[in-house]
Amino acid sequence: MINMQNIQKIYRTEHVETHALSGFNLNIGSGEFVSLMGPSGSGKTTLLNVAGLLDAFDGGSYILDGEDVSRLNDRQMSRIRNEKIGFIFQSFNLIPDLNVFDNVDVPLRYRGLAAGARRERIEEALEIVGLTSRISHYPAQLSGGQQQRVAVARAVVGTPKLILADEPTGNLDSAMANEIMDLLEKINDLGTTVVIVTHDPELATRSPRQIYLLDGRLVDLEKDERPAPLYNPVENGTADNGMSA
Amino acid sequence: MLAYQIRIAFKSLRRNPLQSGLLIAGVALGIAISTSFVTTYYMLSGDPIPEKSDRLFHVAVDSWDPDNGWDSDHPEYAPNQLTYTDVRGLMQSDLPTYQSAAFKAAMTVQPEAENEKPYREIVRMAFSDFFPMFNVPFQYGTGWSRSADEGPDPVVVIDAETNRKLFGGEDSVGRTLRLDNRDYTVVGVLDEWRPTIHFYDVNNNPFEEPEAIYLPFNFVEPLELQSSGNDSGWKFYAGNEFQDFLQSESVWLQLWVQLDDRRQQEEYKSFLDAYVMEQKKAGRFQRPLNNRIYPVMEWLEREEVTPDQAKVMLIIGALFLIVCSVNLIGILLGKFLARAPEVGVRRALGASRTSVFMQHLVECELIGALGGALGLGLSVLVLRVINRWFDNQFQFQLDLTMVLAATLLALAAGFIAGVYPSWRICRVAPATYLKIQ
């Protein structure tokens, strides 16, 4: 699903260059459920943005679902985001003056589907997240967990092949967080590739594969070989254990 | 997609009613001022008889002083009126479909009712062709016949207001109207007729109302009628009799002809040239041959009928709208950039830059349309003020053309104000805002 080779991502200011991703390689197969972990500033969100075609990269190649997306124009990237990728954000990012139905409808609008087809898909997506009874509610009338479930419905309504979730449980209590993870597992079981960024090791263990980032470089280990210091670098006093090279 | 974008735009406007109100009011103010001023200009410079203005011609022949032209700034101009001698000569032509010499005089109206006092009224002396040539509408009866011109028969046409005043608004055809101690039979009553421009005679006030009373031109000699409009002369004439004035080189009459096609126009020009050449042999017309027939709009342009104030108002109106639009750019930019996180979400969900640009431009056009609707309402009030400013000489009002023009102006204002903010918001990097919303 995701094949990145030697990706470079540099943030430049007038005097400083920051290499957010440097010589970065990543391969994630179709149908995988992957957790992305790492300390703050390690490049997790940058990676997610590059993977989701929300941010350009400075070098390397990126094959997404068999399609080279390294040199696409804005319209082509928008189409791929719309059709192949679903996003879930930490702060839900629902549009406050649209109700649940209309929020879930947003990606379908940009796909140009007919009203009947959109309604059918929206109802299906809300069925998956258990919010059909809240279809006319506005975000402010929903709890944090419910808002994130709406965001999940919005991510899956277009039946994307890839879900990218950036700390989807970061603003939720543990019960709600587990509900969201349940949902993501359910979606993954349907064949959708899921990549989540999380700081929560407990939640990360629910994915079969975890990826660790440090200083824009990848440490990719199977779950059983996971080194303890990288697991929670802050708690363990250092992020540098020599595994990032 | 457009319906969706309009819906989103409405929601966006409802989100901050005060700001939206300011934006709409800004456009409305610009539209109200510009539309009012453009309407003023449009009516003052518009075609007063569009259905045939290209077939109606004002006749000009250069009978002026051989040593000094009529207009030192425009040496190519012949005098703007004709002598009585030339009118008599030119009216002999049978080429025009219609033709009428005319001038305005003043006469005393003596009402039938004893308790009504006599009053002075402006009268237009004209030929019978005046009415069909200028499409003058009739409420009752018609104009007089060509044979009545020859008499001249004591017939009269009155306007609707005079008919209300003297005959209570009834069908007064056949009734008698007494003017300067002579009786005339009413043959026609005009319907409401108020060309914006008094185009057939722009000599004194080109925006005055049409005359109240119309009599056959040929009464000029038996009644010894003098013009109550302009007359100009360059040559002293001997004698003090009215006939001496009529035979003088004074210009005081207008002559209009209707020529329906190019052939007819060419033939009439040849006729004019032949007439003047004949007059030259008799010692008149010592200036170079300079005969012109002016279509209505060309004549109004030559006579500089549109007042300078109207042109200034047009420029002020346009500038006002531009200033309003430019001021809106800043407010819209702030409004749109505050919405960058939502745009980031939409971009993540598949909106292209183009669709983000279009969505915001639609919102600007919605502001323009709402402002335009409000502005049209306001412009009615502004036009009332302008009408008062001109002492109600005119009745400036919006017509369909101006409503359409105002709508287009409002959309243009929305576009001008919206392009840059829409472009800026569609260029924001979506990733920047997704974490912080």
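**Checking words against cut-offs**

Modeller: Among the contacts in chain A between residues at least 6 apart in sequence, 69% join residues at least 24 apart, where a contact means that two C-beta atoms, placed from the backbone, lie within 7 Å. This is a predicted model, in which local features need pLDDT of at least 70 and side-chain atom pairs count only at pLDDT 80 or more, while totals for chains, interfaces and linings use all residues. Residues are numbered from 1 along each chain as its sequence is written, and chains are lettered from A and ligands numbered from 1 in the order in which they are written.

Biologist: What is the mean pLDDT of chain B?

Modeller: On a scale of the predictor's confidence in each residue that runs from 0 to 100, chain B has a mean of 91, and 99% of its residues reach 70 or more. For the complex, the predictor gives an ipTM of 0.86 and a pTM of 0.70.

Biologist: What makes strand E8 (residues 193–197) of chain A mostly covered?

Modeller: In that strand, 5 of the 5 residues are buried. A:Thr193, A:Val195 and A:Val197 point one way from E8(A), whereas A:Val194 and A:Ile196 point the other way, and all are buried. In chain A as a whole, 46% of the 245 residues count as buried.

Biologist: Which strands pair with E8(A) in the parallel sense?

Modeller: Two strands pair if DSSP finds at least two bridges between them. Strand E3 (residues 33–37) of chain A pairs in the parallel sense with E8(A) over 4 bridges, and strand E7 (residues 162–166) of chain A runs parallel to E8(A) with 5 bridges. Within E8(A), A:Val194 is the bridge partner of A:Phe33, and A:Thr193 is that of A:Leu162.

Biologist: What makes E2 and E5 of chain A edge strands?

Modeller: They belong to an open sheet of 4 strands in chain A, with the order E2-E1-E4-E5 and antiparallel pairing. Strand E2 (17–28) and strand E5 (67–68) each pair on one side only, and these are the edge strands. Strand E1 (residues 2–12) is joined to E2(A) by 8 bridges, and the two run antiparallel; in this pairing A:Met4 stands opposite A:Leu26.

Biologist: How many residues does each chain bring to the contact between A and B?

Modeller: Chain A gives 21 residues and chain B gives 20 residues. Helix H1 (44–51), helix H2 (74–84) and helix H3 (100–111) of chain A each supply at least two residues of the side that touches chain B. That side of chain A divides into 7 nonpolar, 7 polar and 7 charged residues, where Ala, Val, Leu, Ile, Met, Phe, Trp, Tyr, Cys and Pro count as nonpolar, Asp, Glu, Lys and Arg as charged, and the others, Gly among them, as polar.

Key:
A residue is buried if 20 or more other C-beta atoms lie within 10 Å of its own, exposed if 12 or fewer, and partly exposed in between; C-beta atoms are placed from the backbone.
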